Amino acid sequence: MFAPRDPDEYLLDTERRVIRIRRHWATLLWDSFEAAALLAVCVLVSYVLPPSMWLVNNILWYAALLVILRFAYLVMEWWVERLVVTDKRFVMTTGVFTTKVLMMPISKVTDLTYQRSAWGRMLGYGTMVVESAGQIQALNKIDYLPRPEEFYDTISELVFGDKQKQAERFSMIKAQRAARGKRMVG
């Protein structure tokens, strides 16, 4: 009931899923640090307060509970967000309680750029900038993208590669998966 729809449910029967990922866990680093620091402040202040200030102490513990609930919500939000790339479009689903679906046709892509900071190289993430024909799309900048080189290569192949070879390769991959599935069952 409260679980968001799977992003694959938004795909058409004629589309082939090429990539399905969520943003890198590093997107939660600052929020983790912030939550830990606020919890530490609440705990330290609560131990310094004299017992006669029980009301302030209770308020501090409720504030700590709110910090934990906010962090849990941010983790859930990160967990349900998915980016799916098919041979026809980008689809990103976000939202825990209210689902938001962002979409951009692959045919509109005119330029791809990825950037990696020093932290991004160490932790394995980057930023992808997808430019389209004279418009700013909903998915023009994707931060904290895991393995951006692979993503860049795959999208470049989809956008600028030989369409006939892609169709042959994807049909061969589909046949291999079907064959593996039959071997596992039988």
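Which residues line the second largest pocket? In this predicted model, local features require pLDDT of at least 70 and side-chain atom pairs count only at pLDDT 80 or more, whereas totals for chains, interfaces and linings use all residues. Residues are numbered from 1 along each chain as its sequence is written, and side-chain values use heavy atoms, with hydrogens and water left out.

The second largest pocket is lined by R23, T27, L28, D31, L74, E77, W78, E81, T94 and G95, a pocket being an open set of points on a 1 Å grid over the protein atoms alone, where a 1.4 Å probe fits, with protein on both sides within 12 Å along at least five of seven lines, and lining residues having an atom within 4 Å of a point. Its space amounts to about 190 Å³, the volume being that filled by probe spheres set on grid points joined across faces, edges and corners. Helix α2 (residues 54-80) supplies the largest share of this lining, three residues.

The chain contains five helices and seven strands, defined as DSSP runs (H or I, at least four residues, for helices; E, at least two, for strands) numbered from the N terminus, and their order along the sequence is β-α-α-β-β-β-β-α-β-β-α-α. Of the 186 residues in the chain, 33% are buried, that is, under 20% relative accessible area with a 1.4 Å probe and protein chains only, exposed being over 50% and partly exposed in between.

Y62 is placed in helix α2 and counts as exposed because its relative accessibility is 58%.
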